[in-house]
Amino acid sequence: MQLKNVYEAIDALAPFALSGEYCDTYGFRDNSGVMLDCGGSVRGILCSLDLSARAVEEAKKQGANVIFTHHPAIFHPLYSLRDGAPLTECAKAGISVISAHLNLDSAQGGIDEELMLGLGGNAGKLMHPLSDGGYGHLFSVHEEALDSFLARVKARFSTERVIVYGDRPVCRVASFCGAGMDETSVAFAVAEGADTFLSSDGKHHLIAELVERGLNVILLTHYAAENYGFIRFVENLKTKLKGLPIGVFTDERLL
């Protein structure tokens with residue numbers, strides 16, 4: 001099996017074209033695809049949300065010569081590579097790297113949809129619809145007290161690091177994986193009558209606006225909000241690449 005076969009399997013589940021469509025439609029930027037191609041046959045894949053030093057060491061330990069990440073291994077322009085940097089270490093060890101970012105966020109069965117499903121929702125309204133999937137979900141859940149909802153969230157997403165504002169019952173939720181809190185998502189949640197806003201990496205003025213409008217605000221760690229769906233995507237990827245060793249690295253420090 002070659003690297004292109006791994007790329008094609010990822011593409012079949014989360015089309016890389018969605019990244020370009022998302023950027024063109026909503027004014028974002030991304031860098032998804034093959035980040036580093038060291039050639040040769042694929043012996044195994046390690047899947048990790050980030051290309052970190054620990055992920056590279058785990059790939060070496062497992063004998064994997066491909067790392068598949070969600071967050072792009074190269075996002076901003078690179079002007080130099082230092083010795084010891086994860087990408088440098090991959091190149092030295094012959095480990096190729098593929099990243100799937102906005103396409104994996106927004107694909108059907110992707111990270112943002114899995115966040116919604118993990119919160120107990122099902123198909124609702126999308127903030128940013130695409131030709132296949134989209135980003136930002138507004139959905140209803142069975143009404144329950146905020147404390148009860150939070151207990152389920154912590155258990156489902158394997159985290160205790162949750163920042164919470166508010167005290168009203170949860171019924172209508174707006175959720176956005178990753179760093180999804182911005183002026184557009186806040187306006188969407190308010191316009192659609194959400195009582196609870198859930199995302200990560202919140203800025204003070206946006207939190208203050210939501211609290212002022214009477215919404216609950218729940219902030220998971222970026223890692224916990226995305227690793228949940230990433231792991232589920234990997235399980236689907238395994239069905240496309242049967243017979244190939246595929247491991248998962250989770251950095252418990254970031255959950």
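Glu89 forms a salt bridge with Lys92, with the closest N and O atoms 3.2 Å apart. A salt bridge here is a side-chain nitrogen of Lys or Arg within 4 Å of a carboxyl oxygen of Asp or Glu. Side chains of opposite charge can pair when their charged atoms come close. The model is predicted, so local features need pLDDT of at least 70 and side-chain atom pairs count only at pLDDT 80 or more, while totals for chains, interfaces and linings use all residues. Residues are numbered from 1 along each chain as its sequence is written, and side-chain values use heavy atoms, leaving out hydrogens and water.

Both Glu89 and Lys92 lie in helix H4. They are three residues apart, about one turn of the helix. Helices (H or I, at least four residues) and strands (E, at least two) are DSSP runs, numbered from the N terminus. Glu89 is buried, with a relative accessible area of 18%. Lys92 is exposed, at 55% relative accessibility. The cut-offs are under 20% relative accessible area for buried, over 50% for exposed, and in between for partly exposed (1.4 Å probe, protein chains only).

A second pair sits in helix H3. Lys60 forms a salt bridge with Glu57, and their closest N and O atoms are 3.5 Å apart. These two residues are also three apart, about one turn of the helix. Lys60 is partly exposed, at 37% relative accessibility. Glu57 is partly exposed too, at 47%.

A third pair links separate elements. The side chains of Glu192 and Lys125 meet in a salt bridge (2.9 Å, N to O). Glu192 lies in the loop between helix H8 (183-191) and E9, and Lys125 lies in strand E5 (residues 125-129), so the pair ties together parts that are 67 residues apart in sequence. Lys125 is partly exposed, with a relative accessible area of 42%. Salt bridges that share partners also join Glu57, Lys60, Asp83, Glu89 and Lys92 into one network. In the whole structure, the search finds 11 salt bridges.

Helices H3 and H4 also pack together. Two packed helices are described by the angle between their axes and the distance between the axes. The axes of H3 and H4 come within 9 Å and cross at roughly 20°. That makes H3 roughly parallel to H4. Axes are lines fitted to C-alpha atoms, for helices over the stretch in contact, and angles run from 0 to 180 degrees between N-to-C directions. Angles under 35 degrees count as roughly parallel, over 145 as roughly antiparallel, 65 to 115 as roughly perpendicular and the rest as oblique. The contact is made by Ala53, Val56 and Lys60 of H3 and by Pro86, Glu89, Cys90 and Ala93 of H4. Contact means heavy atoms within 4.5 Å.

What covers H4? Leu87, Thr88, Glu89 and Cys90 are buried in this helix. The cover over the buried residues of H4 includes strand E1 (33-36), helix H3 (53-62), strand E3 (66-69) and strand E4 (96-99). Ala91 lies in H4 as well, within residues 86-93. Ala91 is partly exposed, with a relative accessible area of 42%. Leaving aside residues up to four places away in sequence, Ala91 touches Leu36 and Cys38. Ala91 and Asp37 are 54 residues apart in sequence but 8.5 Å apart in space, C-alpha to C-alpha. Just after H4, Gly94 takes a positive phi of about 75°.

Positive phi values also occur away from glycine. Most residues other than glycine have a negative phi. Ser158 has a positive phi, near 55°. Ser158 lies in the loop between helix H7 (146-156) and strand E7 (162-165), and is partly exposed at 49%. Asp201 likewise has a positive phi, of about 55°. Asp201 is found in the loop between strand E9 (196-199) and helix H9 (204-212). At 43% relative accessibility, Asp201 is partly exposed.

The cysteines were checked for bonds. A disulfide is a covalent bond between the sulfur atoms of two cysteines. The rule asks for a pair of cysteine sulfur atoms within 2.5 Å. By this rule the count is zero. The sulfur of Cys177 is 14 Å from the closest cysteine sulfur, in Cys23, which is too far for a bond. Cys177 is buried, at 3% relative accessibility. Cys171 is partly exposed, with a relative accessible area of 29%.
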